Amino acid sequence: MPKTKIIENLKLPNVYILLLIVFLSCAFLIFINFYTIKILSVNRAYVNGESHYSKGQKDAVRHLITYLYTEDEEQWKLYQEELKVPQGDWIARIVLLNNGDVNTVKNGLRDGRNHEKDLDDMIWLFRNFKSVSFLAKAINEWEQADNLVNELAEVGKTIDKKIKTSSLSEADQKNFLNLISVISDKLTINEREFSDILGEGTRVIKDQLIFTNIVFILIIVSSVCIYYSIMVKNIIISKKEVETNNENLILANKELDRFVYSASHDLRSPITSLKGLIEITQMEDDLGQIREYLNLMKLSLIKQDQFISDIIDYSKNKRKGVVLEYISLISLFEGAIIQHTHIKNSDRIIVDIEILVDVIKSDSLRLKIIIHNLLSNAIKYADESKQEMRILIKTYSEGDFYKIEVIDNGIGIKPEFKEHIFEMFYVIDSNKGSGLGLYILKEAVKSLNGSIEIESEFAVGSKFVVTIPRL
């Protein structure tokens with residue numbers, strides 16, 4: 001049956017059905033987005049908790065080794081204090097698996113230094129989704145890590161006993177040190193796997209959320225389009241006089257124009273990105289109670305996504321060997337420029353490229369990391385107060401070395417910060433990065449046996465020069 005015939009056959013009850021479909025679709029969108037964002041938030045909380053778990057374990061190892069060689073009682077106390085962090089999470093996991101007392105679970109999570117406001121949601125996610133594939137894998141990694149922490153605790157007791165009885169020999173010290181190192185290395189792998197699994201789960205949930213929103217938005221748009229088609233037709237056929245019919249038709253067209261604008265502005269945006277979806281959700285009147293929460297989620301997701309990306313780069317740089325191949329520098333820079341178009345002010349920055357050396361023989365992974373972070377840093381720290389924001393990219397050869405320069409007229413770096421910018425997790429502005437970018441950049445340069453130099457003047461700009469040997 002032609003589409004026009006279908007519309008003609010739709011009566012008033014059918015219009016109510018269309019409105020009901022739109023209402024139910026909106027309700028489902030609100031419901032799905034609320035719980036999806038809640039799950040993503042709890043994922044973030046678990047990843048954050050893993051960082052405390054990892055830090056507590058590593059600090060405990062450090063204090064235990066110090067105690068092993070100094071027999072300082074204060075180091076033993078510090079070791080016990082730091083070990084409470086992973087042990088607290090271990091208690092929480094065991095009680096959760098056995099559906100035990102909530103207060104016991106919360107106390108364990110508090111010992112694990114998890115944020116008080118995240119505790120209820122963490123318990124909710126564990127109890128309701130522990131059988132879901134990615135969370136089950138993460139819990140398995142958590143269990144393996146807990147077993148290793150318990151082994152570390154037993155080693156600590158043995159060391160303490162030998163020290164207390166003055167029976168610790170140099171051979172014992174060496175054996176204990178080797179054993180602690182093996183346990184610590186295994187824990188590092190488990191902790192990294194835990195974060196990677198949750199990160200992958202977050203990305204899958206995000207993709208499913210986008211797909212679900214596309215489906216429901218198409219249903220809403222189709223229903224409203226049909227609804228407006230019915231309204232326009234009813235307006236036209238309800239008027240007897242041509243002049244009245246024309247006036248009503250103009251009015252209907254204006255209403256249709258407003259709808260098309262609203263649909264393209266308010267419904268198309270969430271299809272393109274999760275960020276747009278959250279912003280549209282914030283404009284819904286009946287979502288006032290969660291607007292602030294949604295805004296925080298948006299910032300958290302963007303920052304966590306960048307952090308996960310930095311961690312992946314760090315892991316690849318550390319674990320993968322150098323593979324030499326011929327690489328086009330201009331292709332890498334062009335790809336990096338496109339990749340950073342979402343960063344604030346990127347569309348206002350004038351990028352000049354002077355490529356005197358294009359194809360070089362080096363490691364593709366490390367060069368991508370170097371170029372990505374050089375460009376990302378220049379864009380993030382652009383000076384909005386300047387009439388023109390510029391970045392100059394230069395590549396050239398000098399003797400037995402290749403040179404890559406990125407020069408900007410951004411906000412620059414104060415002298416007291418310059419010696420710290422390549423340190424892990426050191427940030428001048430926490431809203432602009434995770435503190436890993438320049439650290440990973442320097443590590444990647446070191447992997448290529450190169451060097452990096454920086455010249456910067458506050459409020460004037462910065463110049464980064466990467467030197468890579470010819471191979």
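Predicted model: local features only at pLDDT ≥ 70, side-chain atom pairs only at ≥ 80, totals over all residues.
Residues on the helix 3 side of the contact include Trp76, Tyr79, Leu83 and Trp90, while helix 6 brings in, among others, Ile139, Trp142, Val149 and Leu152. Sorted by class, the contact has 10 nonpolar, three polar and eight charged residues.

Next comes Leu187, which sits in helix 7 (residues 170–238). With a relative accessibility of 0%, Leu187 counts as buried. Setting aside neighbours within four places in sequence, Leu187 touches Gln57, Ala145, Leu148 and Val149. Gln57 is 130 residues away along the chain, yet the C-alpha atoms of Gln57 and Leu187 are 8.5 Å apart.

As for salt bridges, the structure holds 21. One of them pairs Lys394 with Glu405, at 4.0 Å from N to O. Lys394 belongs to strand 4 (residues 389–398) and Glu405 to strand 5 (residues 401–408), so this bridge ties together parts 11 residues apart in sequence. Glu405 is buried at 5% relative accessible area, whereas Lys394 is partly exposed at 24%. Within it, the side chains of Asp59 and Arg62 meet at 3.2 Å, N to O. Both lie in helix 2 (residues 12–70), and being three residues apart, they are separated by about one helical turn. Asp59 is buried at 12% relative accessibility, and Arg62 is partly exposed at 45%.

Conventions. Residues numbered from 1 in each chain as written. Heavy atoms only, no water. Contact = heavy atoms within 4.5 Å. Helix = DSSP H or I, 4+ residues; strand = E, 2+ residues; numbered from the N terminus. Nonpolar A, V, L, I, M, F, W, Y, C, P; charged D, E, K, R; others polar. Buried < 20%, exposed > 50% of the residue type's maximum accessible area, 1.4 Å probe, protein only.
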